[in-house]
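Please look over the sequence and the model below before reading on.

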Amino acid sequence: GFLDLRARFAAAVIFLTCIGCIDSGRQAEIDSVYACVTGMAIITWLNIWSEKRKSSFGLWFFPSLIIGFGLLLKGPVILLFYYMTVFSVLVSERKTKEAMSIFHFIGIVVMLGIFFSWFLSLPKAVRSGNDSKVAGTWVSEIMMRFRGEELNLGKWPVRVLGAFLNFLPWLIFTPLLFSKRIISGISDKDILLFKGCRIALVACLVLVNLMPGTKARYSLPVYGLASMMTAWVLVSVSLPKSEKIWRNLIVVLSGILTIACILTMFMIFAGGMNFIHGDLGKGLNSALIEMRPTYPTMVFCILS
């Protein structure tokens, strides 16, 4: 309710078109589903909270249903993203007592009930002797993020950088979230909600990327919140320059891609890059052969 229709549509487009979601989605990886479920739970809570600003049965029950199924996907890490957002908003609006509501405890029972309904039925669902293996694999997947031996100081900076780069091309607009001039256009009714979400966004990224075994895809669950907030400032707030900047960026990128497509097609019909000797030339020629079936797509892109 705190976003208009344009902002909601923009948030969906941003989420679906960031590099990380496209990459995980096309591979049908569980991380893409996990990111969707986490975003659904967070935004469901924010939506109901923004309308009532007080505890109610629906405020805690409906997100708990989603969290319950999220626990079945990849374990309790989803609680980090969810509760970091919830408590950041409550602290920002100075309504932390709402967390002590009886409805909240009912929600906790619901989410744990969904999880334990699977956990307790596990021994019956697997063959005798394999239940420990299934449970061990599940626990191992969780602990992998915290094991000190997983820390590789050479790869860690690259993984952290990847967590941010996966939000491209929309990453270029995230500095607007911290501009006092920009967020001054948000209504007084929702400004504390915005600041609470901003704190949660930063805190989640910091905590996840401080895990010894972190990988870029571990930050995907926060993309739902990041998409919503980016759309909030791009659409709900008056930004006359953003449209011009985005249009110019698209023109430049389209020009670069068009030139790249033309050169690639030229090389394909010219017989490859035989003038380059060695393994590099063989690798490039092999790539060009693989790209020949995509020629109609290239033509369509250029015409578009």
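**From surface to core**

Ile102 is exposed, with a relative accessible area of 56%, a value above the 50% cut-off for that class, and this residue has its place in helix H6. The model is a predicted one, and the description that follows should be read with that in mind. Ile102 belongs to a nonpolar patch on the surface that also contains Phe57, Met100, Phe103, Phe105 and Ile106, and together these residues have about 580 Å² of accessible area. The largest share of the patch, four residues, is contributed by H6.

Helix H6, which spans residues 102–119, also holds His104, yet this histidine counts as buried, at 6% relative accessibility. What joins the side chains of His104 and Tyr83? The answer is a polar contact of 2.9 Å between the two side chains. When neighbours within four places in sequence are left aside, the residues in contact with His104 are Trp60, Tyr83 and Ala99.

The next step leads inward. In soluble globular proteins, nonpolar side chains tend to be buried together. In this model the largest nonpolar core has 63 residues, and the members that touch the most others are Trp45, Leu46, Tyr82, Leu225 and Met228. At least two residues of this core come from each of several helices, among them H1 (5–17), H3 (30–52), H4 (57–74), H5 (77–92), H6 and H11 (191–209), while H12 gives the most, with ten residues. H6 therefore supplies residues both to this core and to the nonpolar patch on the surface, where Ile102 is exposed. Met228, one of the core members with the most such partners, is in contact with Phe2, Leu3, Ala11, Ile43, Leu46 and Cys197, again leaving aside neighbours within four places in sequence.

How many salt bridges does a search of the whole structure find? The search finds one, and it is formed by Asp190 with Lys189, whose closest N and O atoms are 3.3 Å apart, a distance that falls within the 4 Å limit used for such pairs.

Conventions. Residues are numbered from 1 along each chain as its sequence is written. This is a predicted model: local features need pLDDT of at least 70, side-chain atom pairs count only at pLDDT 80 or more; totals for chains, interfaces and linings use all residues. Side-chain values use heavy atoms; hydrogens and water are left out. A salt bridge is a side-chain nitrogen of Lys or Arg within 4 Å of a carboxyl oxygen of Asp or Glu. Buried means under 20% relative accessible area, exposed over 50%, partly exposed in between (1.4 Å probe, protein chains only). A polar contact is a pair of N or O atoms within 3.5 Å; within protein, one must be able to donate a hydrogen and the other to accept it, and residues adjacent in sequence count only if both atoms are side-chain atoms. Contact means heavy atoms within 4.5 Å. Patches are made of residues with over 30% relative accessible area and no salt bridge: like charges are joined within 9 Å, nonpolar side chains (Val, Leu, Ile, Met, Phe, Trp, Tyr) within 5 Å. Accessible areas come from the Shrake-Rupley method with a 1.4 Å probe; for residues, only the protein chains shown count as cover. A nonpolar core is a set of buried Ala, Val, Leu, Ile, Met, Phe, Trp, Tyr and Cys residues joined through side-chain atoms within 4.5 Å.
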